[in-house]
Amino acid sequence: MIVYHGSTVEIKSPDLNHTKRFLDFGPAFYVTSFREQAEHWARRKHSRAQSSAAPVLNVYELDDDLSDFSVLRFGGVGEAWLDFVCDCRDGKDVYSAYDAIIGRVADDDVFRTIQSYRQGDITKARAIELLRFARPNDQLALRTDRIISAKLRFVRSCAIESEA
């Protein structure tokens with residue numbers, strides 16, 4: 001299957017040493033099956049970096065037979081997903097047993113809902129109800145060098161237009 005990663009540079013060989021810790025599924029190399037989502041990430045990273053170079057869309061082929069690896073899959077937005085994302089964003093190591101984690105993205109809109117839940121402004125049930133109506137997205141967090149080297153192959157990269 002084809003997956004994408006948005007960045008400010010071409011990434012032929014993902015390096016797990018350059019990941020952030022407090023992400024939805026912990027430190028990992030993140031890809032998505034939604035091109036538009038990766039393009040959005042690339043533009044966002046580009047605007048934060050205030051770089052003169054264009055945002056970059058990296059394209060990979062992922063062998064999706066992951067049966068030889070420890071994979072956690074979230075079927076959608078639910079209590080388990082919400083608790084896991086909150087734990088990861090709090091810095092708890094709930095992810096280290098997995099080579100890959102697959103599920104929905106807690107993007108800016110989703111993150112606001114999560115924050116409201118965490119602050120006690122809305123109940124868990126209300127948060128899940130709101131999150132189910134977020135636009136479709138996905139993310140695959142590749143957490144180990146072993147799965148990256150075995151299952152991910154760089155295809156190409158291309159510059160994309162930055163937002164005006």
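Two strands count as paired if DSSP finds at least two bridges between them. The exercises below concern a predicted model.

**Exercise 1. Pairing around strand E6**

Task: Determine which residue in E6 tyrosine 30 stands opposite, and how many bridges E2 and E6 pair over.

Solution. 
- Step 1. Strand E2 covers residues 29–31, and strand E6 covers residues 139–142.
- Step 2. E2 and E6 are paired in the antiparallel sense, with three bridges.
- Step 3. Within E6, alanine 141 is the residue opposite tyrosine 30.
- Step 4. E6 is also joined to strand E5, residues 100–103, by four bridges, and these two strands run antiparallel. Here isoleucine 102 has leucine 140 of E6 as its bridge partner.

**Exercise 2. The two faces of E6**

Task: State which residues of E6 lie on each side, and whether they are buried or exposed.

Solution. 
- Step 1. In a regular strand, side chains alternate between the two faces of the sheet.
- Step 2. In E6, one side carries Gln139 and Ala141, while Leu140 and Leu142 are on the other.
- Step 3. Buried means under 20% relative accessible area. All four of these E6 residues are buried, and both faces of the strand are therefore covered.

**Exercise 3. The buried side of H4**

Task: Identify which residues of helix H4 are buried and what arc they cover around the axis.

Solution. 
- Step 1. H4 spans residues 124–131, and its buried residues include Ala127, Ile128 and Leu131.
- Step 2. The arc these residues cover is only 95°, which places them on the same side of H4.
- Step 3. An α-helix has 3.6 residues a turn, so residues three or four places apart point the same way.

**Exercise 4. Leucine 23**

Task: Classify leucine 23 by its relative accessibility and list what it touches beyond four places in sequence.

Solution. 
- Step 1. Leucine 23 is in the loop between E1 and E2.
- Step 2. Its relative accessibility is 28%, so leucine 23 counts as partly exposed.
- Step 3. Leaving out residues up to four places away in sequence, leucine 23 touches Tyr30, Cys88 and Arg89.
- Step 4. Alanine 159 is 136 residues away from leucine 23 in sequence, with 25 Å between their C-alpha atoms.

**Exercise 5. The chain as a whole**

Task: Decide how the radius of gyration of the chain agrees with that of a compact globule.

Solution. 
- Step 1. The chain has five helices and seven strands.
- Step 2. A compact globule of 164 residues would have a radius of gyration near 15 Å; the chain has 16 Å, so the two agree.
- Step 3. Along the principal axes, the C-alpha atoms fill a box of roughly 45 × 45 × 25 Å.
- Step 4. Of the 164 residues, 43% count as buried.
- Step 5. Among contacts between residues at least 6 apart in sequence, 83% join residues at least 24 apart.

Notes: Residues are numbered from 1 along each chain as its sequence is written. This is a predicted model: local features need pLDDT of at least 70, side-chain atom pairs count only at pLDDT 80 or more; totals for chains, interfaces and linings use all residues. Side-chain values use heavy atoms; hydrogens and water are left out. Buried means under 20% relative accessible area, exposed over 50%, partly exposed in between (1.4 Å probe, protein chains only). The arc is that of the directions from the helix axis to the C-beta atoms. The radius of gyration is taken over C-alpha atoms; the globule rule is 2.2 Å times the number of residues to the power 0.38. Contact means heavy atoms within 4.5 Å.
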